[in-house]
Amino acid sequence: PAMSAPPPDAHPDTSHLGPIATDDSLRARVVRAAAAALTEARGALTTATADPHEAIHTVRKSLRKLRALVDLVGRALPKRDRVDIARGLGDARRALGPARDQHVARAVVDGVAAQHELGVAATALHTSAAPDLVAPEALVAELERAVAEAATHVDALTAALPETLRPRKLARGLARTYRRARNARKRAKQSDRAVHRWRRRTKELGYQLAILDAVPDAAAWREALATLDDQLSPVVDHLMTKDYVRLYGGGADDAAALLGAVHDRLLAGKDAARKASRGLFKLKPRKLRDQVTSALAADAAVADPAQHDPGDADD
């Protein structure tokens, strides 16, 4: 990613809002982002009865944002806290996965079937899968548990954060997420499963950059990552659908035809996303870490020269 100076209005004057609003430290940003993600998850509960699947999507997104924050500040947390919070958030998100995956897969199957005159095969597939559908009331209960779990871990994260977050530790957290996304992109050429990891890390990288807006070109980088996520979203949906067809198709010829159509779409989308994202992941992770460390340390020095640690820029 290219590096340049941040826009002049990146840190607007909010002194008239009082001491809480003017706290623009890295720690305050992390705390605010965690609180905002939790608020989004709680808001989804109010619509869960009417549209549980949309609520699941929102809560899973909130949990992903929280996990991205934990990975960003992980080096600043006690190891046990970091592991416990990350594990708890991951378990809560995975508990909502099967219902979300089947809902998406059914929609993809219906779309593919309509284009290939495979409506009978799609109906048979859905009938086979029907016993595993989760009842709406059970989905709501699962959502309530996930949001309660999220609240517990937001409290734990806030309590575990040190008063001052050193730029180099956050830079390492960002670079680690970038490295994992970069490696997953490479493996995605040969591995469908790596596509899942690639998209997760891409989303997390964007959430982390929202905290570190002092990083030059952060806004443009986030926009490019959002575009990549839009490209990867249908690819992942088709990957989940392949699993759905394999699990419930029973080896029928029509099911094999559905599987082939889904697979062809997946490959085309994956190849296009890899080609389009080549420039996004060209920089080596270590170089990115050093550039981010320097940018954050310089920003911290301007904000509060008394707390600036020269080692941050040189580490």
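Student: What is meant by the bend at a residue?

Tutor: It is the angle between two fitted axes, one for the seven residues ending there and one for the seven starting there. This model is predicted. In α9 there is a kink of about 30 degrees at L232.

Student: How do you know that the length of α9 agrees with a helix of 31 residues?

Tutor: The rule is 1.5 Å times one less than the number of residues. For α9, residues 218-248, that should give 45 Å. The end C-alpha atoms are 44 Å apart, so the two agree.

Student: What comes just after α9?

Tutor: G250, with a positive phi of about 70 degrees.

Student: Why are α5 and α9 called roughly perpendicular?

Tutor: Two packed helices are described by the angle and the distance between their axes. Here the axes of α5 (residues 119-129) and α9 cross at roughly 80 degrees. They come within 9 Å. The class roughly perpendicular covers 65 to 115 degrees. The pair therefore counts as roughly perpendicular.

Student: Which residues make that contact?

Tutor: From α5, L125, H126, S128 and A129. From α9, Y244, V245 and Y248. By class, five are nonpolar, two are polar and none is charged.

Student: What makes the span of α1 close to the expected one?

Tutor: α1 runs over residues 26-45, 20 residues in total. At 1.5 Å a residue, 28 Å is expected. First to last C-alpha, α1 reaches 29 Å. For α6, with 25 residues, the reach is 36 Å and the expected value is 36 Å.

Student: What makes a residue of α1 count as buried, and which ones do?

Tutor: The cut-off is under 20% relative accessible area. In α1 the buried residues include L26, R27, A28, R29 and V30. A34, A37, L38, A41 and A44 are also among them. Their cover includes α2 (52-73), α6 (136-160), α7 (167-187) and α8 (192-211).

Student: Which residues are buried in α6, and what covers them?

Tutor: Among them are L139, V140, L143, A146, V147 and A150. The list also includes A151, H153, V154, L157 and A160. The cover includes α1, α2, α3 (79-95) and α4 (97-116).

Student: How many helices and strands does the protein chain have?

Tutor: 12 helices and zero strands. Of its 315 residues, 45% count as buried. Take contacts between residues at least 6 apart in sequence: 81% join residues at least 24 apart.

How values were computed:
Residues are numbered from 1 along each chain as its sequence is written. This is a predicted model: local features need pLDDT of at least 70, side-chain atom pairs count only at pLDDT 80 or more; totals for chains, interfaces and linings use all residues. Side-chain values use heavy atoms; hydrogens and water are left out. Helices (H or I, at least four residues) and strands (E, at least two) are DSSP runs, numbered from the N terminus. Axes are lines fitted to C-alpha atoms, for helices over the stretch in contact, and angles run from 0 to 180 degrees between N-to-C directions. Angles under 35 degrees count as roughly parallel, over 145 as roughly antiparallel, 65 to 115 as roughly perpendicular and the rest as oblique. Contact means heavy atoms within 4.5 Å. Ala, Val, Leu, Ile, Met, Phe, Trp, Tyr, Cys and Pro count as nonpolar, Asp, Glu, Lys and Arg as charged, and the others, Gly among them, as polar. Buried means under 20% relative accessible area, exposed over 50%, partly exposed in between (1.4 Å probe, protein chains only).
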